[in-house]
Amino acid sequence: MKKITLLLLLVLTQIVFAQTKLTENQKLAATCKVWGYLKYYHPQVASGKTDWDNQLFDVLPKVEKANTKDEFSLVLENWINSLGEVKAIAPITVPKDVEYFDKNFDLSWLNNDKLFSITLSKKLKFIEDNRFQGEQHYVGFDSRDNSFVKNTNFDKLDYSDRNSRILALFTYWNVIEYFFPYKYRMDQKWDKTLEEMLPVFIEAKNDDAFYTAFQKLTVKLNDSHAVFHKYSTGNANFLPFNCKIIDEKMVVTEITADELAKADDIKVGDVITKFNDKTIKDFVAENRNLINGSNEAAYLGNLMKFGVYGYSDNVKLDFLKDGKTITKTINWYDYNNAHKNEFKKGIQKGKFKMLENNIGYVDMGALKINDVPEMIEKLKSAKAIVFDIRNYPNGTYIDIANFLNSKERNFIMFTRPDSLYPGKFIWHGPRPCGSENKNNYKGKVVVLVNEESVSHSEETAMCFQAADNCTIIGSQTAGADGNVSNFEAIKAVFTRFSGIGVYYPDGRETQRIGIVPDIEVKPTILGIQQGKDEVLDRALQFIESGKETKLKTTLNIKNETFLK
């Protein structure tokens with residue numbers, strides 16, 4: 001009797017689901033998933049035998065007319081049937097040398113009984129079991145396994161057209177769904193992002209609104225690599241100085257055009273409390289959905305790079321000087337004029353040098369591969385070497401690792417997308433650095449990092465961490481290591497994201513976490529005003545202290561004092 005009752009309840013539930021009217025958002029979200037799934041899994045589609053963008057345009061009016069689960073499922077079933085037969089193939093076996101990373105992979109939505117009929121779910125599952133096993137037509141892979149969209153005609157689309165905006169969203173969402181290695185690390189489930197962004201894209205009825213919607217979409221990746229650039233006919237203007245956000249204030253850290261900054265009496269250490277009448281706290285808050293960043297440090301750094309520019313003639317800034325607020329209207333300048341110092345100096349920096357007390361210092365952003373032998377010769381007798389990676393290195397870490405290590409050590413592992421099973425990633429590595437070297441460097445190795453340390457910088461730090469006697473000093477890095485995948489299909493837009501996963505050999509994650517310092521030090525307003533490099537100063541203090549223990553400590557330096 002109980003079995004009969006349960007059966008009846010099940011039948012009644014199915015009837016209710018079948019008759020319940022579906023919302024537009026439900027139908028479009030499900031269509032997005034099916035469209036992307038077929039794009040990469042269906043043999044007739046993934047091989048490029050059909051114009052898949054136009055197929056979407058053809059099916060959208062039918063989806064719109066469908067009201068219930070049964071009607072919606074029938075539209076999708078008929079669509080799949082029209083694509084041609086999917087032949088049953090021998091069971092696809094995983095090669096013995098392949099180990100999957102599955103945290104991103106989830107096709108449970110194929111069995112969504114609120115939206116899909118049983119026959120549709122079975123049809124979709126059959127496609128997974130007999131999926132396309134050739135070269136993907138709609139996504140390419142370069143020599144470093146970075147994915148990129150290809151075979152699209154997005155530059156010809158009119159984004160005042162609703163269906164064109166839907167196509168753009170569907171395309172990007174599915175590229176991330178199947179080929180972004182850190183989908184599982186996002187603050188918000190990617191499914192929920194789709195549901196939230198659909199109405200935004202539908203209502204974005206002009207180019208500016210569309211590009212803003214797209215920018216907000218990329219920020220949802222929580223990825224410092226996920227930059228978004230709109231190609232504009234107008235030229236952006238910049239301030240003649242760089243800033244850092246400390247204690248909810250903008251602090252001038254570098255003058256990039258001496259004459260222009262002097263004209264407005266701007267100096268390193270000046271404190272800005274308002275940006276166009278907005279407090280820095282409000283300025284930070286209002287840009288959170290427009291500027292990318294894997295973590296807070298990276299977001300604030302990117303905000304100062306990509307958020308502090310404009311297309312007007314000037315900007316209003318409030319400065320705090322001697323306890324008083326001074327309001328200034330500062331002119332914007334084109335990039336070349338705002339960065340005259342760089343062009344005058346030709347960006348010539350000291351690549352390496354010997355500091356006092358027999359301590360070597362290397363600017364990894366300036367050091368080139370050809371400089372490494374000379375650097376080693378000059379610094380090999382130093383009692384310690386400071387490698388400053390608060391910048392972007394130039395591929396020098398392998399040669400340096402051979403100098404630092406006494407033997408070969410593994411320092412990194414990767415996950416790369418599997419084009420034969422989209423959504424799954426394959427472990428690669430570990431990759432070693434160093435070599436057998438009895439004459440390796442025996443002194444202390446200190447690596448300086450901060451939010452400017454991103455991607456190759458972080459990989460370099462990981463490599464140096466494998467050395468015999470390495471200590472990381474500084475603050476949280478950008479948390480976006482590995483290669484990038486470019487997405488240039490959307491008209492007048494360039495965007496990209498992290499293309500491969502990066503991990504320590506023991507499986508520890510780096511995405512969003514970054515390189516964790518052994519000793520944490522952050523610049524202070526007072527330190528900047530006094531012209532100090534507090535991170536380097538702390539490194540020198542550590543070297544001279546003679547302490548070898550790499551306990552994780554935090555140096556809390558208040559604005560009023562500086563520990564020497």
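Predicted model: local features only at pLDDT ≥ 70, side-chain atom pairs only at ≥ 80, totals over all residues.

Reader: How many helices and strands are in the protein chain?

Author: The protein chain has 19 helices and 22 strands. Of its 564 residues, 52% are buried. Its accessible surface is about 26600 Å², and 50% of that belongs to carbon and sulfur atoms.

Reader: What share of the contacts in the protein chain comes from residues 24 or more positions apart?

Author: Take the contacts with a separation of 6 or more. Residues 24 or more positions apart account for 73% of them.

Reader: Why is Trp173 called buried?

Author: Buried means under 20% relative accessible area. Trp173 has 1% relative accessibility, so Trp173 counts as buried. Trp173 is in helix α7, residues 162–179.

Reader: Which residues does Trp173 touch, leaving out those up to four places away in sequence?

Author: Trp173 touches Cys32, Lys33, Trp190, Asp191 and Leu194. Asp191 is 18 residues from Trp173 along the chain, and their C-alpha atoms are 9.2 Å apart.

Reader: What makes Glu459 buried or exposed?

Author: The cut-off for buried is under 20%. Glu459 has 10% relative accessibility, so Glu459 is buried. Glu459 sits in helix α17, residues 456–465. Leaving out residues up to four places away in sequence, Glu459 touches Tyr397, Phe411, Ile412, Phe414, Arg431 and Asp481.

Reader: Why is Tyr309 called partly exposed?

Author: Partly exposed lies between the cut-offs: buried is under 20%, exposed is over 50%. Tyr309 has a relative accessible area of 33%, so Tyr309 is partly exposed. Tyr309 is in the loop between α12 (296–307) and β9 (314–321).

Reader: Which residues touch the most other members of the largest nonpolar core?

Author: That core has 127 residues. Tyr37, Phe116, Met375, Phe387, Val447 and Phe464 touch the most other members. The largest share of this core comes from α7, with 11 residues. Apart from this core lies another of 25 residues, among them Phe241, Ile266, Ile280 and Met304.

Reader: What does Phe116 touch, leaving out residues up to four places away in sequence?

Author: The residues in contact with Phe116 include Ala30, Val34, Phe72, Leu76, Trp109, Leu110 and Leu124. Lys69, Ser73 and Ser121 are also among them.

Reader: How do you know that β14 and β15 pair?

Author: Two strands pair if there are at least two bridges between them. Seven bridges join β14 (residues 409–417) to β15 (residues 425–433), so the two strands pair. They run antiparallel. Asn410 stands opposite Pro432 in β15.

Reader: What is the phi of Asn357?

Author: Phi of Asn357 is near 65°, a positive value in a residue other than glycine. Most residues other than glycine have a negative phi. Asn357 lies in the loop between β11 and β12.

Reader: Why is Asn276 called partly exposed?

Author: The range runs between the 20% and 50% cut-offs. Asn276 has 36% relative accessibility, so Asn276 is partly exposed. Asn276 is in the loop between β7 (271–275) and β8 (278–279). Phi of Asn276 is near 50°, which is positive.

Definitions and conventions
Residues numbered from 1 in each chain as written. Heavy atoms only, no water. Helix = DSSP H or I, 4+ residues; strand = E, 2+ residues; numbered from the N terminus. Buried < 20%, exposed > 50% of the residue type's maximum accessible area, 1.4 Å probe, protein only. Contact = heavy atoms within 4.5 Å. Areas by Shrake-Rupley, 256 points an atom, 1.4 Å probe, with all protein chains shown as cover. Core = buried A, V, L, I, M, F, W, Y, C linked by side-chain atoms within 4.5 Å.
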